[in-house]
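Hello,

Here is the structure I promised to pass on to you. Have a look at it first, and then read on for what I found.

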Amino acid sequence: MKMKKSYITALSTMLGASLLLVACGGGSTPTTGSSTKAPGAASPAAAKKAEGPKLTFRLAETHPADYPTTLGDKKFAELVNQASDGRIKIDVFPASQLGEEKAVIEQVQLGAIEFTRVSTGALGGFNKQYEVFSLPYIFDNDNHQWKFLESEQGTKLLDSLESSRMKGLAYYSSGARHFYSKKPIKSIADLKGLKIRVIQNKVNIDLMNALGANATPMPYGDVFNALQTGVIDAAENNYPSYFSSNHFQQAKNLILDQHQRVPEVLLISKVAWDKLSNDDKALIKKAALESVKTQKAEWDKFEKDSEAKVKAAGVTITDVSDLKPWQDAVKPVIEKYRAEYKETLEAIEKARK
Ligand code: GTR
């Protein structure tokens, strides 16, 4: 039988490669469990490292590389890599490189992107349970919010993402959201008639209506231009986003009304999750929860820093000493959803004490 030269070369390369794999203990040989160590052979851990990662995943992040959620993601990736002896590698893609939140969530549902960190505001468009976080003034402060997030009901909510083809791993901090506008806003009345960008979900639209404003849902990455061109008059976010997105350059009037506290979520696609071994599921979950500490610490620093920087840039900041008129104005929104979110709202109330 005559064989072409290129064929023979390819065959011998393949043979050589598989012999090499056998020699290194690689290929389809499981890397976990005990192995008999030949004298002078590398330790199993070192051998595993030399082989490089077995599983490589992508994590999509909206914010830039130095933003506190991105730093949390990176810590998470690092902890997973360590705990798996380099077997699992998670590459963090910041600055919306993999798309805007809504598009990323769709990709995650399909399993095309394995991990993401997104706002519960964006998740509200995919899982009704999550719209509860967009209800105004349900949390008094960050402590109250964390007490709830760490409660049984908070965990239940994280688990409820499974029905939306995702698996919630951990919550991250996101502080309070405030309005900012091109025109001065000194009181609630100044919001009337303004076109305000919101994260797309039903509660946000009701909320803007209750304030006499017009909700304009659009991706986060479009807001700067929309402010610049006058497509919208205003937007709303926390200090770190207001600063890092440069929205403060276009909308120089900030009012500290604290209308929402919308936490962030670190999650994995259900498609990817279901393919993992139980050990890997456990180490990923553990790493996610451990990364919260880093994210929270970075958040506190960045929040203060952003506040100082927007002040230095000459933003007009209006403090709201009495939140009552704001809370009264948006009460109908809470009442509209009270029955739907009864269980969660009761647990949030309980966490207040
Ligand atoms: C930020 C949040 C982002 C994104 C953004 C927005 O606070 O961290 O994930 O949801 O708000 O307003 O779209």
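**A helix pair, a sheet and a few residues**

The crossing of α8 and α14 is right-handed. Please keep in mind that this is a predicted model. Helix α8 covers residues 202–210 and helix α14 covers residues 324–338; they pack at an angle of about 150°, and their axes are 8 Å apart. On the α8 side, the residues that meet α14 are Lys202, Val203, Asp206, Leu207 and Ala210, and their counterparts in α14 are Ala329, Val330, Val333, Lys336 and Tyr337. By type, the residues of this contact are seven nonpolar and three charged, with no polar ones.

Staying with α8 for a moment, its buried residues are Val203, Asn204, Asp206, Leu207 and Met208. What covers them? The cover of the buried residues of α8 includes α14 together with strands β5 (177–181), β6 (195–198), β7 (214–217) and β9 (253–260). Both ends of the helix have something to show. At the start of α8, asparagine 201 brings a side-chain oxygen to within 3.1 Å of the backbone nitrogen of valine 203. After α8 comes glycine 212, with a positive phi near 80°.

Now to the sheet. It is open, has five strands in the order β2-β1-β3-β10-β4, and its pairing is mixed. At the edges are β2 (88–93) and β4 (166–172), each of which pairs on one side only. From one strand to the next, the twist averages 25°. Helix α13 (residues 278–312) packs on this sheet and touches β1, β2, β3, β4 and β10 (264–269), and its direction makes about 25° with that of β4. Within the sheet, β1 (residues 55–61) and β3 (residues 115–119) run parallel and are joined by three bridges. Opposite phenylalanine 115 in β3 you will find leucine 59.

Two residues other than glycine also have a positive phi. One of them is alanine 95, where phi is near 55°. Alanine 95 sits in the loop between β2 and α4 (101–110), and because its relative accessibility is 46%, it counts as partly exposed. The other is glutamine 258, again with phi near 55°, but this residue lies in strand β9. Glutamine 258 has a relative accessibility of 27%, so it counts as partly exposed.

Glutamine 258 comes up again around aspartate 140. Where is that aspartate? Aspartate 140 belongs to the loop between α5 (120–123) and α6 (142–149), and it counts as partly exposed because its relative accessibility is 41%. Leaving aside residues up to four places away in sequence, aspartate 140 touches Gln258, Arg261 and Arg352. With arginine 352 there is a polar contact of 2.9 Å between the two side chains. Aspartate 140 and glutamine 260 are 120 residues apart in sequence, while their C-alpha atoms are 9.7 Å apart in space.

Finally, the chain as a whole. It has 15 helices and 11 strands, and 48% of its 353 residues are buried. Taking contacts between residues at least 6 apart in sequence, 76% join residues at least 24 apart.

Best wishes

Methods:
Residues are numbered from 1 along each chain as its sequence is written. This is a predicted model: local features need pLDDT of at least 70, side-chain atom pairs count only at pLDDT 80 or more; totals for chains, interfaces and linings use all residues. Side-chain values use heavy atoms; hydrogens and water are left out. Two strands pair if DSSP finds at least two bridges between them. Helices (H or I, at least four residues) and strands (E, at least two) are DSSP runs, numbered from the N terminus. Axes are lines fitted to C-alpha atoms, for helices over the stretch in contact, and angles run from 0 to 180 degrees between N-to-C directions. Contact means heavy atoms within 4.5 Å. A crossing is left-handed if the near helix is turned anticlockwise from the far one by less than a right angle, and right-handed if clockwise. Ala, Val, Leu, Ile, Met, Phe, Trp, Tyr, Cys and Pro count as nonpolar, Asp, Glu, Lys and Arg as charged, and the others, Gly among them, as polar. Buried means under 20% relative accessible area, exposed over 50%, partly exposed in between (1.4 Å probe, protein chains only). A polar contact is a pair of N or O atoms within 3.5 Å; within protein, one must be able to donate a hydrogen and the other to accept it, and residues adjacent in sequence count only if both atoms are side-chain atoms.
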